[in-house]
Amino acid sequence: MSESIKHNMVKKTVLNIGFDDTDSPKGMCTTFLAYKVVDLLKKQKTEFLDFPKLIRFNPNIPWKTRGNGAVSIKIKTSNPSKIKNQIKNLVSKYSDTKNGANPGLVFFESESIPSEFTKFSDLALWQLINRNNAKKFVKKNNLEYFYKGNGQGLVGAIGAIGYSFHDHTLELLSYRKKQKFGKERKISIDSVKKMQEKTYPDTFNSFDTKKGRVLITPHGPDPVFFGVRGENVDALVSATRILKSEEKLDGYMIFKSNQGTGDHLKNEFTYETMKPYASGKLTGIVSNSPKITKGGHVFFKILSNNNEFWCAVYKPTGMSIVASNLVKGDKISVGGGVRKASKNFPRIINLEFIDIISLEKQIKTSNPICKKCNKKMKSKGKEQGFQCVRCGKKSSKKITETITRKINKQLYLPKISAHRHLTRPQQRYGIINKSNNFKNSLSWFCVYQNK
């Protein structure tokens with residue numbers, strides 16, 4: 001019997017691998033570990049069943065590093081135990097534990113993902129989940145797992161395996177060579193502008209034209225050189241050919257992601273679910289006149305289901321002018337993350353969007369104008385009408401006029417430089433991306449041959 005026939009007869013296992021929290025503010029990156037894992041598995045001719053998944057969870061978690069992203073990979077293998085050991089070694093090697101990383105790694109052997117995983121993942125999108133709950137989950141479900149530090153990474157590891165896509169984007173992350181980690185990134189600004197022009201609307205949030213600011217390069221010491229977000233593989237690979245840098249890069253990998261989907265704001269807030277650090281949305285009526293603070297930040301209240309909720313709009317979002325022009329009675333939908341109570345305010349929702357559903361009519365009353373003299377009449381006293389001081393003409397009542405509102409019935413988003421990873425950009429409203437051309441895509445992973 002030939003070796004190839006023997007190889008095909010060996011029973012293969014579908015293995016889901018999830019990991020998180022391998023980075024710290026001082027270095028490393030969970031996606032870079034994924035790049036290293038895929039590189040190793042590719043060399044062993046492993047069969048990949050989908051793009052690696054990069055799932056961004058609740059962005060309001062106080063101990064998160066950067067975008068709160070976890071990764072999962074789905075493969076088919078005839079030697080799962082060997083691969084598990086190799087990945088454990090890579091997690092240990094590429095986790096910045098000395099600077100506070102708390103990596104978690106979970107393995108799950110199955111073609112389909114049970115609903116318990118999906119429920120756990122859905123909660124991790126908008127709630128704060130205790131790491132002890134994750135430890136209980138892996139034990140209850142007899143999962144193979146591994147962690148270092150306090151095990152916080154197990155939350156994202158389980159969540160990344162369990163995440164179910166209703167909409168998705170792709171992100172091409174390009175990685176630096178080791179000797180460049182921590183050094184300044186130099187990319188041609190003109191090439192980023194050109195790339196955005198050529199690939200729009202199939203890419204998003206690459207360049208802020210108003211501020212002239214590049215949005216694809218991170219600022220920390222991690223191994224990522226740039227990340228381009230978009231809707232399909234071809235647009236992302238085309239983008240890499242347009243971008244120009246003097247630095248020789250190591251390679252790139254394309255992830256399937258929930259970035260740009262607004263996924264964390266699906267939950268409808270109630271008085272009970274509005275807990276510190278939770279994310280969600282709310283529809284209600286503005287119930288007071290907005291207060292503008294010294295720094296230009298705006299605070300107001302919404303009445304929803306007989307409960308009042310404080311909302312905050314900070315000046316850097318670019319939405320403070322919209323918020324300051326709201327009036328009592330306006331019906332709006334808002335979304336954001338809950339800030340815990342302070343000395344000055346109870347729990348408050350830091351807004352990530354304002355969607356104006358209806359605007360209250362604003363009426364202004366004033367003394368009537370004398371048609372003959374074109375001058376405002378003067379009041380003769382309470383309920384005694386008005387009279388022109390010049391010609392004596394009289395009028396019985398004030399005139400009313402409708403004030404033109406400075407805001408419209410529409411969706412208002414933060415300016416592009418204030419977008420979070422999960423913020424759904426304007427161009428993605430009305431788009432649900434369900435395409436999956438993974439099997440036809442040979443270009444989702446690349447290590448450059450410029451060693």
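Author: Helices here are DSSP runs of H or I with at least four residues, strands are runs of E with at least two, and both are numbered from the N terminus. The model is predicted, so local features need pLDDT of at least 70 and side-chain atom pairs count only at pLDDT 80 or more, while totals for chains, interfaces and linings use all residues. Residues are numbered from 1 along each chain as its sequence is written, and side-chain values use heavy atoms, with hydrogens and water left out.

The loop to look at runs between strand 16 (307–313) and helix 9 (320–324), and Pro316 lies in it. Pro316 is exposed, with a relative accessibility of 54%; buried means under 20% relative accessible area, exposed over 50%, and partly exposed in between, with a 1.4 Å probe and protein chains only. Setting aside neighbours within four places in sequence, Pro316 is in contact (heavy atoms within 4.5 Å) with His297, Lys415 and Ala418. Ser417 is 101 residues from Pro316 in sequence, yet their C-alpha atoms are 9.0 Å apart.

That pairing can be set against the chain as a whole. Of the contacts between residues at least 6 apart in sequence, 71% join residues at least 24 apart. The chain has nine helices and 25 strands, and 51% of its 451 residues are buried. Its C-alpha atoms fill a box of roughly 115 × 50 × 40 Å along the principal axes.

Glu352 is a charged residue in strand 18 (residues 348–358). Is Glu352 buried or exposed? Its relative accessible area is 8%, so Glu352 is buried. The side chains of Glu352 and His264 are joined by a polar contact of 2.9 Å. A polar contact is a pair of N or O atoms within 3.5 Å; within protein, one atom must be able to donate a hydrogen and the other to accept it, and residues adjacent in sequence count only if both atoms are side-chain atoms.

Met377 sits in the loop between strand 19 (362–366) and strand 20. At 4% relative accessibility, Met377 is buried. Its contacts beyond four places in sequence include Asn367, Cys370, Phe386, Cys388 and Lys393. Met377 and Lys398 are 21 residues apart in sequence, with 9.6 Å between their C-alpha atoms.

Backbone geometry is next. Most residues other than glycine have a negative phi, and most peptide bonds are trans. Glu383 has a positive phi of about 60° and is not a glycine. Glu383 is in the loop between strand 20 (378–379) and strand 21 (386–387), and is exposed at 79% relative accessibility. Asn142, also not a glycine, has a positive phi near 50°. Asn142 is in the loop between helix 5 and strand 6 (144–147) and is exposed, with a relative accessible area of 70%. The peptide bond from Tyr200 to Pro201 is cis, with omega near 5°; Pro201 is in the loop between helix 7 (189–199) and strand 8 (203–204).

Two helix pairs remain. For these, axes are lines fitted to C-alpha atoms, over the stretch in contact for helices, and angles run from 0 to 180 degrees between N-to-C directions. The axes of helix 4 (residues 115–126) and helix 5 (residues 131–140) come within 12 Å and cross at roughly 170°. Helix 4 and helix 5 are therefore roughly antiparallel; angles under 35 degrees count as roughly parallel, over 145 as roughly antiparallel, 65 to 115 as roughly perpendicular and the rest as oblique. Glu116, Phe117 and Phe120 of helix 4 meet Asn133, Ala134 and Phe137 of helix 5. These residues divide into four nonpolar, one polar and one charged, where Ala, Val, Leu, Ile, Met, Phe, Trp, Tyr, Cys and Pro count as nonpolar, Asp, Glu, Lys and Arg as charged, and the others, Gly among them, as polar.

Helix 2 (residues 30–43) and helix 3 (residues 80–93) pack at about 145°, with axes 10 Å apart. Leu33, Lys36, Val37, Leu40 and Leu41 of helix 2 meet Ile83, Gln86, Ile87, Leu90 and Val91 of helix 3. That contact divides into eight nonpolar residues, one polar and one charged.
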